[in-house]
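This report goes through selected sites of one model. The sequence and structure come next, and the text then starts from a single residue.

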Amino acid sequence: MSLVLDIAWTHVRSRARQTLVAVAGVATGVGFSIMMAALMEGSQDDFMRQLIDALPHIAISDERRQAPHQPAEEVYAATKIYGLTPEERRRGIKNPLAIMAAIESWVPGAIAPSVKTQAILRYAGRDVGASVLGIDPHREPKVSALPKQMRQGTLASLFRASNAIILGSRLAEKIGARVGASITVQTGEGVQISAQVVGLFHSGVRQVDEATAYVLVKTGQVLARQTGLVNELRLRVADAMAAREIAGRIERETGYKAVSWQEAHEDLLSAFTIRNVIMFTVVGAILLVASFGTYNIISTITHEKARDIAIMKSLGLPEATVRRIFVLEAVLIGLLGGLLGWMLGYLLCLGLGSVEIKSPFMDATRLPIAWSPLHYAIAAAVAVASSVAAGYFPARKAARVHPVEIIRGAT
Amino acid sequence: MSALIEARRVTRILPGVVPTTLVHDIDLAIGDNEFLAITGPSGSGKSSLLYLLGLLDLPTEGEVLVRGTATARMDEEERAFTRLSGLGFVFQFHFLLPEFTALENVMLPMRALGRLAEPAMRQRSRDLLASFGLEDHVDKRPDQLSGGQRQRVAVARALANEPPVILADEPTGSLDSKSSEQVFEILRDLVDARGKTVVAVTHDLELAARMDRRVQLVDGAIVADERNPVPAVGRS
Ligand SMILES: Nc1ncnc2c1ncn2[C@@H]1O[C@H](COP(=O)(O)OP(=O)(O)OP(=O)(O)O)[C@@H](O)[C@H]1O
Ligand SMILES: [Mg+2]
């Protein structure tokens, strides 16, 4: 063992209780930092996963980002158009099959059409407003989690009756309809049909479960009075992170507005950035506070060991060597604290991961915990680095002492 | 051949509201194989002079030379290295590291210098301690040793890196007469058998009389410097 390590270890070991307090401080800091990072990243990952899983990666809608160009504008540079009343455009994406085929030819992933209308569902004298979505039961499973959310019936049940409808679980409760019931669907377009309930789904998100119903595309088109058109094409791409680029290309090629999930949830994603800034600040503060304990013990040791320092320096040990002894003691505390902190962090994560959370808006879930070696590495590295910084200043001060001053005083 | 340690017009004044003169105008040359006593009344500056000769303190004026090399302009690092490799110290109070055994204390300067391999250091430390009659105490910590034993460990540590000179500040001051005699015999032997130079501060005039040369200080200045007549062959 090297001389410096030997002396440092002896000092630390012979002050077991004080050292333990400092180590416990660092360990607590590291442990809670790891827990906090795991929880924050876990909830973020979980949220993203839900976003990516539950929602389409790209939604192509019949809107356009800019007002259509007028022929005059294209010919004359000086044209300015005011108060234009554009030609009334029929809503919807034309030729959905051709567009789907074109997109499928280059996008790795799946695509499904939908027609959306607002409607009043009526049963046993109760009226409830809901979004009625026309979907394709063959394509739908590839882009959404709906098949997994079916409580009764399957998507294919939509083919069973002529006007079949699948209701959200809470929606069905609200109007008191069960599978097999025949309900009335009335839209703002003035269309009214009677539909047979063939299934129920439960997504776990209250707003969805109490205000959504699914029918076949064909039925949806009848309800929306737009035969042959769809409102939306939803894409699920193999690489969710590439959605933004793919959406841009689709928009250029088709002219329809294509919104990636990132764009749709930009506000959320920037909220995550803010959350992370807050997290790093708090974690940094925790570790900083932990390093105060290290500073405390190192300066205590250097005071208690003033005589030993004088002995070593009078024998001719270089200043750098003496300084290194105390910095190394800080490193030892940092390392020990880091190791214990890893264990503590791991146990805290295990503990938190097993807690069940119940909320009225969501089904019971466990706290999402991200297991990342990076958290452990960063927390320990910061702990050791701040310990070194905390130990350096008392160590430097101690090593600078002129031995003769202490030796004179000792006589 | 240049003197082992030489002080040239050395003055040391402690700065302060009332500056204290510790020693002034010291001229002293110490050669090889000398056994020198520094005597004088309490507060006359004996310890102060020893610290200056041992490069622990810096003169305000004048120069201390080690083997002809001026030391005033050395940086702290070089002075530390000179102490480590060429000067051995024994203080009035034992000044051993309390958490280390006698053996480890003796090994400390060797490990800091790093010239020997670990087993060689261990062996040399054992031999040194054994030569001072401490073979049964190598693994004891200072608090498990008597005052005399501690002081002998301190002498062994001062010899660790084979310095040509040992500077001892009242090495027997805190010991009873038996231990005191033991330590004195060891120092005597270092001069006679190992050819070292020993400079020892003492206020015990009887001990001083048994040494080869006596330098007397009064109020920070040398008032007498006398040598025994050369007794036998081999002494210069
Ligand atoms: N830190 C200090 N501040 C002020 N004066 C000091 C200091 N250290 C020593 N002195 C003074 O310097 C003078 C010389 O002190 P030194 O310790 O060298 O004497 P000494 O001859 O070794 O005495 P003793 O035999 O008692 O050990 C003394 O008068 C002492 O009072
Ligand atoms: Mg003294």
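## A buried threonine in chain A

A:Thr19 has a relative accessibility of 4% and therefore counts as buried, the limit being under 20%. The model is predicted. A:Thr19 sits in helix 2 of chain A, which covers residues 16-54. A polar atom of the A:Thr19 side chain is 2.7 Å from the backbone oxygen of A:Arg15.

Leaving aside residues up to four places away in sequence, A:Thr19 touches A:Val12, A:Ile297 and A:Ile333. The C-alpha atom of A:Thr19 is separated by 9.8 Å from that of A:Ala330, and the two residues are 311 residues apart along the chain.

## A buried glutamine in chain B

Is B:Gln151 buried or exposed? B:Gln151 counts as buried, at 1% relative accessibility. This residue belongs to helix 5 of chain B, residues 147-158. In its side chain, B:Gln151 has a polar atom 3.0 Å from the backbone oxygen of B:Phe91.

## Helix 9 of chain A

Helix 9 of chain A runs over residues 217-224 and is mostly covered, with six of its eight residues buried. Those buried residues are A:Val217, A:Thr219, A:Gly220, A:Gln221, A:Leu223 and A:Ala224.

Which strands of chain A are included in what covers the buried residues of helix 9? The cover includes strand 2 (109-123), strand 3 (126-135), strand 6 (182-187), strand 7 (192-201) and strand 8 (212-216) of chain A.

## Salt bridges

Side chains of opposite charge can pair when their charged atoms come close. Over all chains, the count of salt bridges comes to 31. One of them joins the side chains of A:Arg122 and A:Asp127, at 2.9 Å from N to O. A:Arg122 is partly exposed at 29% relative accessibility, and A:Asp127 is partly exposed with a relative accessible area of 46%.

A:Arg244 and A:Glu266 form another salt bridge, in which the closest N and O atoms are 3.3 Å apart. This pair links distant parts of the chain: A:Arg244 is in helix 10 of chain A (residues 243-254) and A:Glu266 in helix 12 of chain A (residues 266-304), 22 residues apart. A:Arg244 counts as partly exposed, at 38% relative accessibility. A:Glu266 also counts as partly exposed, at 41%.

In chain B, a salt bridge forms between B:Arg188 and B:Asp192, and their closest N and O atoms are 3.2 Å apart. Both residues lie in helix 6 of chain B (residues 177-192), four residues apart, which is about one turn of the helix. An α-helix has 3.6 residues a turn, so residues three or four places apart point the same way. B:Arg188 is buried, with a relative accessible area of 15%, whereas B:Asp192 is partly exposed, at 43%.

Salt bridges also link A:Arg15, A:Glu304, A:Lys305, A:Asp308 and B:Glu99 in a network. A:Arg15 is the residue whose backbone oxygen lies 2.7 Å from a polar side-chain atom of A:Thr19.

## The site of ligand 1

How many residues surround ligand 1? The number is 13, and the closest are B:Leu22, B:Ser42, B:Lys46, B:Ser47 and B:Ser48. The surrounding residues come from chains A and B, so the site is shared between chains. By class, the shell has three nonpolar, seven polar and three charged residues.

Strand 2 (20-30) and helix 1 (46-53) of chain B each supply at least two residues of the shell around ligand 1. Helix 1 of chain B gives the most, with three residues.

Ligand 1 has an oxygen atom 2.6 Å from an N or O atom in the side chain of B:Ser42. On its own, ligand 1 has 640 Å² of accessible area, of which the protein covers 61%.

Definitions and conventions
Residues numbered from 1 in each chain as written. Chains lettered and ligands numbered in written order. Predicted model: local features only at pLDDT ≥ 70, side-chain atom pairs only at ≥ 80, totals over all residues. Heavy atoms only, no water. Near = heavy atom within 4 Å. Polar contact = N/O pair within 3.5 Å; in protein donor to acceptor, adjacent residues only side chain to side chain. Areas by Shrake-Rupley, 256 points an atom, 1.4 Å probe, with all protein chains shown as cover. Nonpolar A, V, L, I, M, F, W, Y, C, P; charged D, E, K, R; others polar. Salt bridge = Lys/Arg side-chain N within 4 Å of Asp/Glu carboxyl O. Buried < 20%, exposed > 50% of the residue type's maximum accessible area, 1.4 Å probe, protein only. Contact = heavy atoms within 4.5 Å.
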